[in-house]
Every structure is written in C-alpha cells, then in structure tokens.
Amino acid sequence: MNQNKDIKSIKGDMHGKTCLVTGANSGLGKAVSIELARRGASIIMACRKEYIEARDEIRKQAHADKVSLRLLDLADLASVNRFCDGLRDDGIQLDVIHLNAGMAAVSQEMSIDGFPLFWQVNYFSNTLLIKRMLADGVIPVVNSSGLEINQVVVPRIIFTSSSRHRGSLSINFSNFAVFPAFSIKDTFKYYGLSKLYLMTYAWQLGRRLQENGLPRVSVFAFCPGAFRSHIGEDLGFVGNLVMSTRPTGPVEASWPALYLACSEDLKGKTLLYYHKHELELPDARVFDSEIGNRLWQETELLLENTSA
C-alpha cells in the first residue's frame with residue numbers, strides 16, 4: 001500500500017516518551033531525532049563522539065530542550081557495556097529504540113575486540129545492546145496481563161536495514177563471525193550480509209517477544225533507500241561522491257523510521273518491514289525459524305564468551 005510521503009501525515013503524539021537513536025549526530029539519525037523531539041519526545045543521542053554541535057542543532061531545529069547525548073562506540077564492546085550501565089544506573093526506560101548507526105567497510109578491518117569491524121558495528125554490538133537493555137529493564141517488557149489494555153504502551157525496537165539483505169551471501173554457521181579478506185569491490189556484498197544477520201536476528205527477537213500472538217515489545221525494520229549520507233566516506237573519492245550527491249536527503253528518507261516510531265496504526269503489531277514507503281516482505285531466510293534459532297544460539301554463545 002502506497003503511503004502518504006509527507007511526514008506531517010504520520011499520526012502519533014510522542015510527548016512523555018523517551019527515544020534512543022544511535023548515530024543521531026548526522027544523516028538519517030539526526031533527521032529522525034529532530035522530528036521526534038519536535039513531536040514532544042525526550043531524545044537520547046547515542047554517538048561515538050561528543051557531538052555537542054549536533055545536539056544543539058537538534059534542539060534548535062526541534063524547538064525542544066529534552067535532547068541529551070551519551071557516548072556509544074559500537075566498535076568497542078566495553079563502550080557498549082558502559083553505555084548500558086549508564087542507562088540502567090540512571091533509571092532510564094525507553095519507549096522507542098532506533099538502532100540506526102552502521103558502516104560500510106572497504107576491507108577486512110578488525111575491531112578492538114577481534115571481530116570484523118563491519119560485522120560488529122552493523123550486527124554484533126546491537127545484539128549486546130538489546131540483550132543488556134532488556135535484562136536491565138531499560139526496555140520494559142509489557143506484562144502479558146497488560147496486553148488486553150488498549151492504553152498500554154508497548155516499546156518499539158526499530159532497525160535500520162537495507163534491501164541489500166536480499167540476495168546476499170548466506171550466514172555461515174560453520175565458521176561463525178569469520179569472513180574472508182575482501183576489497184572495495186565487495187563492500188556492499190558484505191554490507192548486505194551484515195544486514196541479513198541483523199534482519200534474521202530481528203525476526204527471531206520479535207518472535208521471542210510475543211505472547212499469545214501479541215507483542216510484549218514490537219520489533220520493526222526498514223530500508224530507507226539510497227539517500228545522501230556519510231556512509232561513503234571510507235569508500236574512496238567515487239564512493240563518497242556517489243553517496244553524498246544522491247537526490248534524496250535524510251529528511252525525505254526518514255519517513256519509514258518515523259512511521260514505525262510514531263504511528264498509532266501499529267499498536268499491537270510487530271515484525272513489519274518497510275522499504276521506503278512500502279510494506280514489503282523481507283528475504284525468505286529472515287522468516288526461517290531454524291536459521292533464526294541457530295543465529296540466536298551462536299550469537300548468545302559468542303556474547304557469553306566475550307564477556308567471560
């Protein structure tokens with residue numbers, strides 16, 4: 001169904017709600033943060049550096065002062081844990097979690113934790129974030145008895161994905177989290193694979209967060225389509241030129257993120273995937289519960305070994 005592309009057409013009051021947006025200092029994350037703040041939400045910007053100017057610009061454009069900034073570097077699992085500790089210790093409870101930050105790698109660079117950087121940033125660190133925030137009560141899981149109450153607010157987890165998860169390489173469980181060396185020509189092949197990991201995890205998460213057919217936490221994902229962004233900064237002159245001169249800007253590309261975060265039409269719904277303005281089905285592998293269970297188990301084992 002073709003949706004009205006005007007952001008103003010999205011119905012949903014965000015006053016009293018707290019929203020976390022990763023990568024909120026620029027591009028899509030910044031555009032989403034401005035609109036959510038404009039609608040009355042309290043915004044937590046999760047960024048790898050102290051982007052004070054970006055925070056102040058969001059406040060100014062949204063005419064709102066409930067915009068805070070916390071450090072989160074997805075390339076460092078210790079940073080992820082510190083970030084989660086801070087949310088827990090400050091008694092934060094989130095209504096919307098938009099996991100937006102990501103990267104495209106031109107080569108097989110490794111993180112400080114010893115994992116492929118693109119895989120850790122786009123996938124693995126997000127699973128640690130979700131695991132910690134659910135365990136710590138930062139993402140409140142709705143009590144099953146409350147699901148019958150129409151007024152109950154079910155938190156929403158929203159993943160920025162990509163249509164490149166379709167037709168990508170398959171997840172290799174025989175050599176989990178290990179990838180061959182690659183060059184810039186394979187950048188988007190492995191970017192797409194990282195998004196397949198993310199989508200498969202998201203659907204498994206959503207299944208686990210349902211009870212009696214209703215979501216205790218809603219899980220959504222979307223592809224914004226190609227838009228002007230900084231994701232091409234490490235892709236050389238041509239890659240950067242292509243990504244920085246796209247005709248669509250981040251504000252126009254933010255429609256699906258804002259619809260999934262705000263729309264009153266999504267109460268009681270979960271596991272929806274939007275490609276720009278269209279509701280679509282993800283790759284068939286995303287629906288495969290056997291693959292989802294295996295991915296969940298392998299990821300949990302790796303998280304346990306990493307934190308041991």
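## Briefing: helices, sheet and aromatic pairs

Helices α3 and α4 are roughly parallel to each other; here, angles under 35 degrees count as roughly parallel, over 145 as roughly antiparallel, 65 to 115 as roughly perpendicular and the rest as oblique. The model is a predicted one, in which local features need pLDDT of at least 70 and side-chain atom pairs count only at pLDDT 80 or more, while totals for chains, interfaces and linings use all residues. Residues are numbered from 1 along each chain as its sequence is written, and side-chain values use heavy atoms, with hydrogens and water left out.

**Overall make-up**

- The protein has 10 helices and 10 strands; these are DSSP runs numbered from the N terminus, with helices (H or I) of at least four residues and strands (E) of at least two.
- Of the 308 residues, 55% are buried, where buried means under 20% relative accessible area, exposed over 50% and partly exposed in between (1.4 Å probe, protein chains only).
- Among contacts with a separation of 6 or more, 75% are between residues 24 or more positions apart; a contact means heavy atoms within 4.5 Å.

**The sheet**

- An open sheet is built from eight strands in the order β3-β2-β1-β4-β5-β8-β9-β10, with mixed pairing; two strands pair if DSSP finds at least two bridges between them.
- At the edges stand β3 (67-71) and β10 (278-280), each pairing on one side only.
- From one strand to the next, the twist averages 20°; axes are lines fitted to C-alpha atoms, for helices over the stretch in contact, and angles run from 0 to 180 degrees between N-to-C directions.
- Five bridges join β2 (residues 42-47) to β3 in the parallel sense, and Cys47 has Leu71 in β3 as its bridge partner.

**Strand β8**

- β5 and β8 are parallel and share five bridges; Arg156 has Ser218 in β8 as its bridge partner.
- β8 also runs parallel to β9, with four bridges between them, and Ala221 is opposite Tyr273 in β9.
- Six of the six residues of β8 are buried, so the strand is largely enclosed by the rest of the structure.
- In a regular strand, side chains alternate between the two faces of the sheet.
- Both faces of β8 are covered, with Ser218, Phe220 and Phe222 buried on one side and Val219, Ala221 and Cys223 buried on the other.

**Helices against the sheet**

- Helix α1 (residues 27-38) lies across β1 (18-22), β2, β3, β4 (96-99), β5 and β8 (218-223), and runs at about 170° to β1.
- Helix α8 (residues 255-262) lies across β4, β5, β8 and β9 (272-275), and runs at about 170° to β5.

**Helices against each other**

- Helix α3 (residues 77-89) packs with α4 at an angle of about 30°, and their axes are 10 Å apart.
- The α3 and α4 crossing is right-handed; a crossing is right-handed if the near helix is turned clockwise from the far one by less than a right angle, and left-handed if anticlockwise.
- Residues of α3 in this contact include Leu77, Val80 and Phe83, and those of α4 include Gln120, Phe124 and Leu128.
- α5 and α10 (residues 289-307) pack at an angle of about 95°, with axes 9 Å apart, and are therefore roughly perpendicular to each other.
- That contact involves, among others, Tyr197, Thr200 and Tyr201 of α5 and Ser289, Ile291 and Trp296 of α10.

**Aromatic pairs**

- A pair of aromatic rings is described by the distance of the centres and the angle of the planes.
- There are 24 aromatic pairs in the structure; rings of Phe, Tyr and Trp (its six-membered ring) pair if their centres lie within 6.5 Å, and planes under 30 degrees apart count as stacked, over 60 as edge-to-face and the rest as tilted.
- Trp119 and Tyr123 form a tilted pair, 5.5 Å centre to centre with 55° between the planes.
- Because Trp119 and Tyr123 are four residues apart in helix α4 (residues 117-135), about one helical turn separates them; both Trp119 and Tyr123 are buried.
- Phe179 and Tyr190 form an edge-to-face pair, 6.3 Å centre to centre with 85° between the planes.
- This pair links distant parts of the chain, with Phe179 in the loop between β5 (156-160) and α5 (187-208) and Tyr190 in helix α5, 11 residues apart.
- Phe179 and Tyr190 are both buried.

**Tyr190**

- Tyr190 counts as buried because its relative accessibility is 8%.
- Not counting residues up to four places away in sequence, Tyr190 touches Phe118, Leu169, Phe179, Pro180 and Phe182.
- Tyr190 and Ala104 are 86 residues apart along the chain, and their C-alpha atoms are separated by 8.3 Å.
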